[in-house]
Amino acid sequence: MRTALVLVRHELRLLAGIGLWVAGRRNGVGSGTGFAYSRGQGPMMLGFGFVIVIESIMMSVLLRNHPTVQRVWFTVDLYTLVLIVGMHAASVVRPHVLDAGHLRVRRAAHVDLRIPLEKIARARRELRTTHERADGELNLAIGSQTTVTLELTEPVAHFTFLGRRQDIRLVRFHADDADSLVKAIARARSAPSPLPDPTGSA
């Protein structure tokens, strides 16, 4: 039951992402700065969509003498195509976000890891095209590659799609403009903290 609720919530986020994409809006950026990562997956998503369209046409021809099955198959293909568009839309409208205190590393509608800047020991531009699973590491590849690597001073909690906790000390992810993001992280980490109000007022 819990798994079903997670899946439904995820699909609703994908559908909401389409609405935001059409409206030209972004999710969760606020006063921070957004950094895109979706450019690398565009051709792949287009390819998936093309395959679904071709399959739907072919199956419609093959099932022309079975209209009920044909309609069911077409409905499934149409919904699959909507989800593919939703995955890309969610990636566009949910960028990585850097603000004064945190870096939010995101991927579509299913990863949103908030990392306090003081826990980032080192941020570097690093292109990697192969990623092996290892304890304490999170790899968020786009188009089979990551371009930014974060080393953390202490673990941060990451919850998987189905809610399993992982303690992460190293994060690799993709950013379309990795150089700008790494430089922005360095500037944010070196910025002086605001001085407390000596009067104690808010």
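**Notebook: helix α4 and the cores**

I began with α4 and noted that K183, R187 and S190 are exposed on one side of this helix. The model I am reading is a predicted one.

I then looked up the other side of α4. There I found A178, L181, V182, A184 and I185 buried. Looking down the axis of α4, I see its buried residues fall within an arc of 160 degrees, so they line one face of the helix. I wrote down the general rule beside this: an α-helix has 3.6 residues a turn, so residues three or four places apart point the same way.

Next I checked the length of α4. The helix runs over residues 178-190, which is 13 residues, and at 1.5 Å a residue it should span 18 Å. Its end C-alpha atoms are 19 Å apart, which agrees.

What covers the buried residues of α4? I listed several strands, including β1 (33-35), β2 (96-98), β3 (102-107), β5 (120-128), β7 (146-159) and β8 (165-173).

I turned to the largest nonpolar core, which has 25 residues. Those with the most contacts inside it are L103, I115, I120, L150, V171 and F173. Two or more residues each come from β3, β4 (111-116), β5, β6 (137-140), β7, β8 and α4. The largest share, 5 residues, is given by α4.

Leaving out residues up to four places away in sequence, V171 touches V105, L113, I115, L138, V148, T149 and L150.

Last, I noted a second, separate core of 5 residues. Among its members are L14, L83, A108 and A109.

How values were computed
Residues numbered from 1 in each chain as written. Predicted model: local features only at pLDDT ≥ 70, side-chain atom pairs only at ≥ 80, totals over all residues. Heavy atoms only, no water. Helix = DSSP H or I, 4+ residues; strand = E, 2+ residues; numbered from the N terminus. Expected span 1.5 Å × (residues − 1). Buried < 20%, exposed > 50% of the residue type's maximum accessible area, 1.4 Å probe, protein only. Arc of directions from axis to C-beta. Contact = heavy atoms within 4.5 Å. Core = buried A, V, L, I, M, F, W, Y, C linked by side-chain atoms within 4.5 Å.
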